[in-house]
Amino acid sequence: MNTNTAPRTKFAGLVEQKKRPKKGLLSFLTTPLEMIFNQEEVEFDLVTSKRLVAKAKIRNAKSTMNGSEIFKNKTFRPPKYSEARPYVIDNFRKRIAGQNVYSDAEVKAIVMDKTASDVADLADKVARAKILQFAYVLQTGKIPFKTKKLSEKGIIDDLDYACPAGHFSTVPIQWSNTSTAKPLDDMEALSVAIQKSFGEAPDTVIMGNPAFQLFLATTQVKEQLDNRKINRGEIVASLSIGGTAPAGMEKDGLNYLRYYIINGKKVGLYSYVDFYIDPLDDATEKAYIDDYSVVMFHSEARYEVAYAGIEEILPAPAEMSDFLPDSRITSIGTTRASQGFIDTFEDKESKSVYLRYEEHPLVIPKDYNSFGCLTVKT
């Protein structure tokens with residue numbers, strides 16, 4: 001076992017420097033220690049109500065037993081994301097003719113830097129899968145592993161968190177009917193529904209960019225703006241469009257659009273302009289938040305990532321043994337939400353080393369009734 005932690009600390013720092021920053025939808029996800037499991041299947045509770053109040057008791061009274069009226073227990077086997085990348089270590093020893101051959105220490109330094117870059121690239125690919133899980137949860141209350149081919153060959157069943165059905169609906173008048181649509185009323189109604197279910201009104205709205213353009217074009221919104229004599233870019237007490245996010249409403253990785261008072265609460269409106277290649281055909285580029293989706297949620301609700309255990313970790317080759325962890329990485333940098341596993345395997349015939357990065361993550365909306373989504377055009 002490698003007991004010298006300094007190279008591993010340096011390696012973890014290199015990975016953190018090279019990784020994609022934890023912004024946008026990723027920034028709302030956390031991983032408490034109890035959500036890191038050694039077994040293949042994870043067990044978790046969804047909180048069904050934050051509105052119940054504890055009642056005072058006399059000294060010798062029995063405790064109130066909290067069951068299904070507070071928690072809904074589920075189990076699931078998280079998917080495996082395993083990504084590998086080959087390279088030939090001997091290539092790092094080569095230099096231009098006439099130059100001295102790299103020393104062993106130099107080769108190890110080069111391999112460490114290259115490995116950190118590879119781990120960062122592979123980890124970012126897995127991070128995009130977690131973003132996609134979360135995006136589907138926010139828009140549908142489900143993770144469609146089979147239906148949308150988020151799993152290879154659709155072999156993993158869909159996961160339905162059974163969120164309140166009324167939190168996911170198509171607006172009664174589509175926003176493309178700009179003269180009669182009521183986008184402010186639609187968001188007010190969804191906010192009230194979430195508040196009744198979760199106990200708090202949402203404070204964040206993420207719109208697909210086409211949805212936001214329709215929002216601005218509707219007569220109702222225009223009249224609201226005209227009534228307040230507000231120009232684009234101004235920030236006032238009740239309504240603003242564009243400009244800098246007011247204090248406390250900055251959200252790293254989200255594009256601030258405006259804020260509005262919805263259901264008596266100051267709500268930030270944002271867009272999330274990030275795209276992925278659709279697993280359904282491995283060709284179509286799609287936005288994580290659908291063009292005509294309007295997601296409402298509470299930014300301080302608990303949206304977590306659970307990590308299941310891994311079956312096997314292979315020993316690293318000599319050039320990597322000083323800096324690769326001996327077991328799972330419980331932390332890369334300052335966040336616990338990168339529960340990755342790194343190991344290597346060697347192809348003797350090609351003299352290639354394959355670096356493997358693996359995670360078994362599952363996005364879990366612990367406060368499963370704290371969000372909802374409107375479809376504003378079909």
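A polar contact here is a pair of N or O atoms within 3.5 Å; within protein, one must be able to donate a hydrogen and the other to accept it, and residues adjacent in sequence count only if both atoms are side-chain atoms. This is a predicted model, in which local features need pLDDT of at least 70 and side-chain atom pairs count only at pLDDT 80 or more, while totals for chains, interfaces and linings use all residues. Residues are numbered from 1 along each chain as its sequence is written, and side-chain values use heavy atoms, with hydrogens and water left out.

**View 1. His360 and its partner Glu358.**
The side chains of His360 and Glu358 make a polar contact at 2.7 Å. His360 lies in the loop between strand E17 (352–359) and E18; strands (E, at least two residues) and helices (H or I, at least four) are DSSP runs, numbered from the N terminus. His360 counts as buried because its relative accessibility is 4%, where buried means under 20% relative accessible area, exposed over 50% and partly exposed in between (1.4 Å probe, protein chains only).

**View 2. The surroundings of Ile310.**
Here we move to the loop between strand E15 (303–307) and helix H6 (318–321), where Ile310 is found. With 19% relative accessibility, Ile310 counts as buried. Leaving aside residues up to four places away in sequence, Ile310 touches Phe341, Glu358 and His360; contact means heavy atoms within 4.5 Å. Ile310 and Glu40 are 270 residues apart along the chain, yet their C-alpha atoms are separated by 7.2 Å.

**View 3. An open sheet of three strands.**
The strand order is E1-E15-E18, with mixed pairing; two strands pair if DSSP finds at least two bridges between them. Strand E1 (29–30) and strand E18 (361–365) stand at the edges with a single partner strand each, so one side of each is left without a neighbour in the sheet. E1 and E15 run parallel and are joined by two bridges. Look for Leu29, whose bridge partner in E15 is Tyr303.

**View 4. The largest pocket, with a volume of about 910 Å³.**
On a 1 Å grid over the protein atoms alone, a pocket is an open set of points where a 1.4 Å probe fits, with protein on both sides within 12 Å along at least five of seven lines, and lining residues have an atom within 4 Å of a point. Among the 26 lining residues, Tyr81, Glu83, Lys125, Ala129 and Leu150 are the closest to the centre of this pocket. Strand E4 (81–87), helix H2 (104–140) and strand E12 (275–277) each supply at least two lining residues, and H2 gives the largest share, six residues. The lining divides into 15 nonpolar, three polar and eight charged residues; Ala, Val, Leu, Ile, Met, Phe, Trp, Tyr, Cys and Pro count as nonpolar, Asp, Glu, Lys and Arg as charged, and the others, Gly among them, as polar.

**View 5. The second largest pocket, with a volume of about 320 Å³.**
Of its 19 lining residues, Tyr136, Gln139, Thr140, Lys148 and Asp290 are the closest to the centre. Volumes are the space filled by probe spheres set on the points, with grid points joined across faces, edges and corners. H2, strand E7 (168–170) and strand E19 (371–375) each supply at least two residues of this lining, and H2 gives the most, with five. The lining of the second largest pocket holds eight nonpolar, six polar and five charged residues.
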